[in-house]
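Hello,

Here is the structure you asked about. Please open it alongside this note; my findings follow below.

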Amino acid sequence: SVGHRGTIRDYPDFSPSVDAEAIQKAIRGIGTDEKMLISILTERSNAQRQLIVKEYQAAYGKELKDDLKGDLSGHFEHLMVALVTPPAVFDAKQLKKSMKGAGTNEDALTEILTTRTSRQMKEISQAYYTVYKKSLGDDISSETSGDFRKALLTLADGRRDESLKVDEHLAKKDAQILYKAGENRWGTDEDKFTEILCLRSFPQLKLTFDEYRNISQKDIVDSIKGELSGHFEDLLLAIVHCVRNTPAFLAERLHRALKGAGTDEFTLNRIMVSRSEIDLLDIRIEFKKHYGYSLYSAIKSDTSGDYEITLLKICGGDD
């Protein structure tokens, strides 16, 4: 069930004051006790970490994240700070980073906006405004364009239907609309794709894609690849992948982040942290199934030091 396929759960004998004190000692001592920091922060749920943050602030008059930043460095620092950040704020910051600087990281925008629920999106938008005093929509608008922008804005609105009920009549109707918008005309009516793929629930879309195959004798993926292009095409393909199997979509993103010459720590940290209490167990299963080796072993061979130790603890086990 949703939310119980994570690798990290509430710590049973949790005491925020005991943890805050242990963390303060680990940071304040001569040389940092990284092992202690790692064991506390990876064995508490995010909700529990937020209580530690509160307690730490009250007891020592300092933001835990600032002390972590002052004491740690590099990818390890980013990962530890991510662990003590509330999920909506973390996603807001990831979205901001995806749009900052010279280029826009379209893959990251796509990944975040396609895998979050409507409720999560509403919380992320609020967090974004609180942190940056700008609306998420405004930033997306100025950093992207065309149909890609339209679709991202629709997703960012958090208006996707979340009900689990499916409507067979609507699925047939939508499949027909998609067919007429793409395969069955000169030129493509992109808005229809955006409307249906960004607003219907995942179970509803699953049924719609089945109906689509009945009508067109084609898989929706092949139609999207044949009819559309660029970041918009990538976004719609990501939605289809998530509708069919979100953990497999994220396993593929992790595989790409860990393969080849360099490691994409931005993606690696984001998926490991943001899915650690949602579906990381399923992501691990899909990873092993598709690539023949475990996520654990991929992380092990690609990272090192305290950064590696922390990621492996979040991963929670070998497969």
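How many disulfides does a search of the whole structure find? The answer is zero. Keep in mind that this is a predicted model.

Cys242 is in no disulfide, and the nearest cysteine sulfur, that of Cys198, is 12 Å away. A disulfide needs the two sulfur atoms within 2.5 Å, so Cys242 does not pair with Cys198. Cys315 is in no disulfide either: its nearest cysteine sulfur belongs to Cys242, 20 Å away. Cys242 is buried, at 2% relative accessibility. Cys315 is also buried, with a relative accessible area of 0%.

Next, helix α18, which spans residues 295-302. Leu295, Ala298 and Ile299 are buried there. Why do they lie on the same side of α18? They cover an arc of only 95 degrees around the axis. In general, an α-helix has 3.6 residues a turn, so residues three or four places apart point the same way. The buried residues of α18 pack against α15 (230-258), α16 (265-274), α17 (280-291) and α19 (305-315).

Last, two backbone points. Lys133 has a positive phi, near 55 degrees, and is not a glycine. Lys133 sits in the loop between α8 (118-132) and α9 (136-143). Its relative accessible area is 58%, so Lys133 counts as exposed. Gln217 also has a positive phi, about 60 degrees, without being a glycine. Gln217 lies in the loop between α13 (202-216) and α14 (220-227). Gln217 is exposed, at 64% relative accessible area.

Best wishes

Definitions and conventions: Residues numbered from 1 in each chain as written. Predicted model: local features only at pLDDT ≥ 70, side-chain atom pairs only at ≥ 80, totals over all residues. Heavy atoms only, no water. Buried < 20%, exposed > 50% of the residue type's maximum accessible area, 1.4 Å probe, protein only. Helix = DSSP H or I, 4+ residues; strand = E, 2+ residues; numbered from the N terminus. Arc of directions from axis to C-beta. Contact = heavy atoms within 4.5 Å.
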